[in-house]
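Here is my note for your first look. Keep the viewer open as you read.

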Amino acid sequence: MCNPGSKSYEMDGFSKEFFQDLFSPAQGGAPSQAVKDELKELYQKACDNNNLTQPVNDFFLRLTKIKKEQKLTPEDLGFSLEALTELAGAYAEMEEHGVTVGGRLAQARKVALSANQRVKDYLEQKGELAPSGIELWGQIQENMARIKKTLNITEEEWNSFSGQLRHAIDSVETLSKVIDLPEAAIKDVLRVTETYRMRLTPYYASLIQPGKINDPILIQSVPTAEMVDNVGEEIPPVASDHSPARLIDQFYPRVVTIKATNMCAMYCTHCLRLAHIGKKDRIYATEAYEEALDYIRENPAVRDVLITGGDAFMLPNKNLRWLLERLDEIDHLKMKRLGTRIPVTSPQRVDQELLDILEESNDKKPVRVVTQINTAQEITPVSKDAFHRINKKVSAVLNQAVLLKGINDHQFKMWKLCETIQEADVRPYYIFNCSYRNPQFMHLRVPVEKGRDIVESMYGNISGDAIPRYIATAGGKVPLHRSNVVEQTGAKITLRKPWSGEQVSYPDPEPGEYAEDAAFAFRKYYA
Ligand SMILES: *Cc1c(COP(=O)(O)O)cnc(C)c1O
Ligand code: SF4
């Protein structure tokens, strides 16, 4: 590779600058023989290799270090500008993408290093701060064994959805058998459950880390005094003024929801649908579904339907198949979504028959499953497997997380959530700011600004397709992203990179350029 004077090499800007720094005069005195020998050997290695870039990198990096620490130039060490230019030329020629020594060592490596720096704290803290259910699996299995024994649940019952529901924890007495809570907390749960329902599947209860105050699973499933003591007026659910037909909610022209059940396997303390869920499980009459279907049949603008509740997977397989089949018969309806948290709260529900139903319907028109996962802790090997199997049968599995105080209101917790669910075949879709409508969970709300900071902190730091949109539910879903447009004058836009604050210019089309043009593209052929 080293053949000084054989060819001339015109350096790129990065390499020129790199060489200028390297060769600029310095007062290092005379180098030691050892250093000279070391460099000679590195140079020889770089020369001997004609298909490896690393030895050349090593040589130049060592030179850079010596220049910085010992104030010695390559010339002090016996290397001429010509010889090193030749080496740099051979390097650029060998490199598939024409990357130069200067570009790689002085530019690209710096960018990569500073990128690594941005996630350093995250990598160090994510295990402790936001452990996933996979990382906690040992502990969770111990909890499972303990709960099975205490509540007399057989292995077979544990592994079936009906068993999970039959043994659901819905009273303080049962709860206090499986979770160690202070007396005062138990008293309050008793007081709250006079008004609101509590229900945890034994599986979901096993995700709670014993001894952890404010465990994020515990806060989501076991109500505290705030739920009845918070002051403030409950604003009636949007549904009552957005329900144009039985079971239907509609804000948008192209999407409607069918509230197909009021049941959930587990009741969340932050539930926006508190009022729908009511005080007891209800089975809806066939006529109710028929009236909802009629509304869709009669509205050709509707192309997407969201089957929700409650929880869509609470519908027995037979009813779910029936409903999907009826929907698939409607020509103008093109897509279906199923809103369910059950793969997280009771993944045992995901049986072969359900998977077949999803696949059959998805073969006709796309099915998406929309779930709600709020912490990495909710992803265990069991729920991950359930999502993996669902994902193979439907066109997408999406997550709608709720931003909740003490649960996921931290950059790293949210990054961890989004990465963990992505690894479980679930795509982050929305993060909802927790609703202002219910005093019952006012204590779990997080300011909009904080949520923005959390979501924006993801850009440039985690995979782009693991980044959800941040939404307020305010009579429809309103995106809350802070505008990254710092300013605009005419076609001159200044953008701000959310991850560094750095500003970059981004030219817009010139005024007038975008205007309606009679001769635009193919139109001109039809003049
Ligand atoms: C959330 C919701 C939808 C779906 O909104 P997307 O932004 O399409 O996910 C549709 N209708 C109602 C009533 C909703 O609450
Ligand atoms: S799963 Fe959804 S509807 Fe059911 S309690 Fe939780 S938030 Fe409410």
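How do the residues of the shell around ligand 2 divide into nonpolar, polar and charged?

1. The shell has 6 nonpolar, 2 polar and 1 charged. Ala, Val, Leu, Ile, Met, Phe, Trp, Tyr, Cys and Pro count as nonpolar, Asp, Glu, Lys and Arg as charged, and the others, Gly among them, as polar. In total, 9 residues surround ligand 2 (a heavy atom within 4 Å). Cys264, Cys268, Cys271, Arg341 and Gln372 are the closest.

2. A note on the source. This is a predicted model: local features need pLDDT of at least 70, side-chain atom pairs count only at pLDDT 80 or more, and totals for chains, interfaces and linings use all residues. Residues are numbered from 1 along each chain as its sequence is written, chains are lettered from A and ligands numbered from 1 in written order, and side-chain values use heavy atoms, without hydrogens and water.

3. Now the strands (DSSP runs of E, at least two residues, numbered from the N terminus). Strands pair if DSSP finds at least two bridges between them. β10 (residues 485-489) and β11 (residues 492-496) run antiparallel, joined by 4 bridges. Glu487 has Thr494 in β11 as its bridge partner. The two strands form a hairpin with 2 residues between them. In its turn, Gly490 has a positive phi of about 55°.

4. β11 also joins β12 through 5 bridges, again antiparallel. Lys492 is bridged to Pro507 in β12. This hairpin has 6 residues between the strands, and Gly501 takes a positive phi near 80°.

5. Finally, Tyr525 lies in the segment after β12 (503-507).
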